[in-house]
Amino acid sequence: TSSTRPQRLLRAVQRKATKGDPQSVISAIDYFCRNSEWAMNVGDEKGPILDSVVCEVSPATALELGTYCGYSSVRIARLLPVGTKLITLEFHPDYACIARQVIQHAGLEDKIFLVEGASGDLIPKMADMFGISTFDFVFLDHWKDRYLPDLKLLEECQLLRKGSVLLADNVICPGTPDYLEYVRNSPRYESRYFQSHLEYTKVEDGLEKSVFLG
Ligand SMILES: CCc1ncnc2c1ncn2[C@@H]1O[C@H](/C=C/CNC(=O)c2cc(-c3ccc(F)cc3)cc(O)c2O)[C@@H](O)[C@H]1O
Ligand SMILES: [Mg+2]
């Protein structure tokens, strides 16, 4: 029976990466995507930009929209200090199952809470489910037409505070025009574009970092 790409990506991690070593999991996925099959992970060029923003913010509470295979969950959580947590939302059960195993291989299951479901349904429940009031950091990497509605939902649910940082992947390719227009023109955000390339390619893409001003 044929396997799926996420299953083949997980197999590459299980074969090549050292259990409990997040960096080796990251390297194994990047190697797989460069040498075997492209996959939509933030990757090894945009990834260090994500790392630097996470380190700068040093979030006590972080949220990720769109786990996929867990590559960016591992990138983010490996940088979080003890006692902090990453909540990542994924609605595709098969992808969630793969991501849990990738996260487990990295030894980060105590720092990452993967919740299965649609972000639009789950965001309003975050405060109650996890006993948090606001998110210090949000990484948006799910369906591109969901970035703006989910940002507005985070505002409505008062899950952002003065200084909360949003980092959005793929603002050029595939592109998130309505989200970009909103964060770049709203007086409530201070936005900055980090130019880079679409993962594992020479196509232009980048990350948009937006600070909520309250
Ligand atoms: C309902 C809300 C909601 N709630 C919870 N989980 C959700 C969700 N909406 C989506 N998900 C999950 O997130 C992941 C989807 C991510 C979507 N990402 C891209 O489409 C993308 C594409 C390219 C690219 C492809 C082809 C090219 F040619 C060029 C570029 C590059 C990239 O970096 C990309 O991120 C999957 O796991 C979904 O199950
Ligand atoms: Mg992406």
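On the face of H10 that is turned away from its buried side we find the exposed residues Pro177, Glu181 and Asn185. Please keep in mind throughout that what we are looking at is a predicted model.

Let me turn to the other side of this helix. The buried residues of H10, which spans residues 177–185, are Tyr179, Leu180, Tyr182 and Val183. They lie on the same side of H10 because the arc they cover around the axis is only 165°. As background, an α-helix has 3.6 residues a turn, so residues three or four places apart point the same way. As for what covers these buried residues of H10, the list includes E4, H8, strand E5 (160–168), helix H9 (171–175), E6 and E7.

Tyr182 forms one aromatic cluster together with Tyr189 and Phe212. The structure as a whole holds six aromatic pairs. In one of them, tyrosine 189 and phenylalanine 212, the ring centres are 5.3 Å apart and the planes stand at 50°, so this pair counts as tilted. The pair links distant parts of the chain, since tyrosine 189 belongs to strand E6 (residues 189–197) and phenylalanine 212 to strand E7 (residues 204–212), 23 residues apart. Both tyrosine 189 and phenylalanine 212 are buried. Elsewhere, a ring meets a charge: the charged end of lysine 85 sits over the ring of phenylalanine 113, at 5.5 Å from its centre.

Next, the nonpolar cores. The largest of them has 42 residues, and those with the most contacts inside it are Leu9, Ile29, Leu50, Ile76, Val102, Phe137 and Phe139. Among the elements that give two or more residues to this core are helix H1 (5–16), helix H3 (43–57), strand E3 (112–116), E4 and E5. Going back to leucine 50, its contacts, leaving aside neighbours within four places in sequence, include Ile76, Phe137, Phe139, Leu167 and Leu207.

I will finish with histidine 142, which is found in the loop between strand E4 (135–140) and helix H8 (147–156). Is this histidine 142 buried or exposed? Its relative accessibility is 11%, and because buried means under 20%, histidine 142 counts as buried. Its side chain makes a polar contact, at 2.7 Å, with the side chain of aspartate 150. Not counting residues up to four places away in sequence, histidine 142 touches Leu65, Gly66, Ser119, Tyr147 and Asp150.

Notes: Residues are numbered from 1 along each chain as its sequence is written. Chains are lettered from A and ligands numbered from 1 in the order in which they are written. This is a predicted model: local features need pLDDT of at least 70, side-chain atom pairs count only at pLDDT 80 or more; totals for chains, interfaces and linings use all residues. Side-chain values use heavy atoms; hydrogens and water are left out. Helices (H or I, at least four residues) and strands (E, at least two) are DSSP runs, numbered from the N terminus. Buried means under 20% relative accessible area, exposed over 50%, partly exposed in between (1.4 Å probe, protein chains only). A polar contact is a pair of N or O atoms within 3.5 Å; within protein, one must be able to donate a hydrogen and the other to accept it, and residues adjacent in sequence count only if both atoms are side-chain atoms. Contact means heavy atoms within 4.5 Å. Rings of Phe, Tyr and Trp (its six-membered ring) pair if their centres lie within 6.5 Å; planes under 30 degrees apart count as stacked, over 60 as edge-to-face and the rest as tilted. A charge sits over a ring if NZ of Lys or CZ of Arg is within 6 Å of the ring centre and within 35 degrees of the ring normal. The arc is that of the directions from the helix axis to the C-beta atoms. A nonpolar core is a set of buried Ala, Val, Leu, Ile, Met, Phe, Trp, Tyr and Cys residues joined through side-chain atoms within 4.5 Å.
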